[in-house]
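Hi everyone, thanks for making time this morning. I'd like to walk you through one structure, so please have a look at it while I talk.

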Amino acid sequence: MITDLTEGSPSKKLFWFSMPLLLSVAFQQLYQMADSMIVGRFAESAQAGELALAAVGASYPITQLFVAVATGINIGTSVLVSQLFGAKRYLRMKTAISTALITTTVVSLLLTLFGAVCTNGLMSALNTSADIFADASLYLRVYVFGLLFLFIYNVCTGIFNAMGDSRTPLFLLILSSVGNVILDVVFVAILHWGVAGVAWATFIAQGASGVFAFFLLMCRVRTFDTGHHFILFAPEMLRRLTNYAIPSIAQQSFVSVGNLIIQYYVNLCGPTVIAGFSVANRINMFALTCCMSFASGLSSYVAQNIGARKLDRVGPGLKAGGTFSVGLGIVFMMIYLPLANRIISLFLPAGSASGVVDVARGYLFTVVPFYVVVCIKFVCDSVLRGAGAMRPFMITTFSDLILRVVLALTLSKTALATTGIWLSWPIGWVIGMALSLAFYFTAKWRKAEVPPEKDENWV
């Protein structure tokens, strides 16, 4: 279902467009959490479960680095296609889609080659402990061979969202999530494949969703009758795509690299801290990505209205998106703080060391009270991103992350120890929010590049 976000009530359009996005990320995070839950709870012993949980957690920041590149291409493609769709330049939109798909395929194959060759080196660079190294490397190696499907899926869902269709990505996520969980149970709980079972379940689920997403997108593109043949690959469209995608890739990748650095110091603390951090990080990311779904919807909303030259709709959209995102953040705060121990215990087998729970609870109690702050940052960033104002968007993100990494490294060496690492998140969020608000109110986003009024000859 295609939705025109340039007409109608901003709050209603944004809410109903964002709800499938919220459900999509919720399902995505739930099946990722299911990986940790199943591999931790169905191990042969409490100690084995703790080690398996640590192994999946140790490779998680590296997998997120690959996801960051896919997400960056998703964002860049979505902004470009949204603007062209909003301007009703459908011939150029088809060229943009084709160019994005070809570029995505090439990038994913290069990263697959890199990941296959460097798996052990990457795990060694993170100082992964010997007792979980083999399982962590195995999980990462299997994951890497599914990157093509991951990238194709991401760019296809970004294009669907750009067209105002957030229901098709939800449908794909539900199928992928349910399939992944079923395979997790079969491979881990029944066949006892351990970490390998989780890895193969993810590979198969991603493969199926990537192929299906591509098929549905091709069917959707054919519905736009432009009367002319579009160009499969246009250098000018690639230029515009990279103008949006490269800053997004850099931002997403820089975040992942920062998380890798933090993971390195967490790994120095041993399997108990790694397992506790892994659990808490999954719980935290579930909340943050759900809150971010309204910001993602706002980004498509802003891009369509920028393309249609309806800048007066951006302000009301920001207020609506901020209300939804902050409200959801408060809901998570009310759930997580009183129920932290019960939620953490869902990931752990009976008889697990209490130290894992203590580490996870310490992390959550440090970052959860600042959800309102990071939600405000999300929505302001989404306006900058949707308008294609990538330089200020990158400044806000990089400032947050650089400060977070520096504080994590500095405070971890003090008497605060791991608590010092956790404190780096809220401090970085506060600084990032202040910068995002400043860029929004100084109207930097109004200078974005928008589609020209008339079609050029090259399309």
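**A loop, a patch and a core**

Let's begin with Ala-308, which touches Thr-6, Gly-86 and Ala-87, leaving aside residues up to four places away in sequence. Before I go on, please keep in mind that this is a predicted model.

Where does Ala-308 lie? You'll find Ala-308 in the loop that runs between helix 9 (271-307) and helix 10 (314-345).

Which residues make the nonpolar surface patch of about 760 Å²? They are Ile-174, Val-178, Ile-182, Val-185, Val-186, Ile-190, Leu-191, Trp-193 and Trp-200. Helix 6 (residues 167-190) gives the patch its largest share, six residues. Ile-174 sits in that helix 6, and with a relative accessible area of 31%, Ile-174 is partly exposed.

Finally, let's go inside. The largest nonpolar core has 123 residues, and the ones touching the most other members are Ile-97, Phe-332, Tyr-336, Tyr-371 and Trp-425. Helix 9 supplies the largest share of this core, with 18 residues. Let me pick out Tyr-336: leaving aside residues up to four places away in sequence, Tyr-336 touches Ile-283, Phe-286, Ala-287, Ile-343, Val-368 and Tyr-371.

Conventions:
Residues are numbered from 1 along each chain as its sequence is written. This is a predicted model: local features need pLDDT of at least 70, side-chain atom pairs count only at pLDDT 80 or more; totals for chains, interfaces and linings use all residues. Side-chain values use heavy atoms; hydrogens and water are left out. Helices (H or I, at least four residues) and strands (E, at least two) are DSSP runs, numbered from the N terminus. Contact means heavy atoms within 4.5 Å. Patches are made of residues with over 30% relative accessible area and no salt bridge: like charges are joined within 9 Å, nonpolar side chains (Val, Leu, Ile, Met, Phe, Trp, Tyr) within 5 Å. Accessible areas come from the Shrake-Rupley method with a 1.4 Å probe; for residues, only the protein chains shown count as cover. A salt bridge is a side-chain nitrogen of Lys or Arg within 4 Å of a carboxyl oxygen of Asp or Glu. Buried means under 20% relative accessible area, exposed over 50%, partly exposed in between (1.4 Å probe, protein chains only). A nonpolar core is a set of buried Ala, Val, Leu, Ile, Met, Phe, Trp, Tyr and Cys residues joined through side-chain atoms within 4.5 Å.
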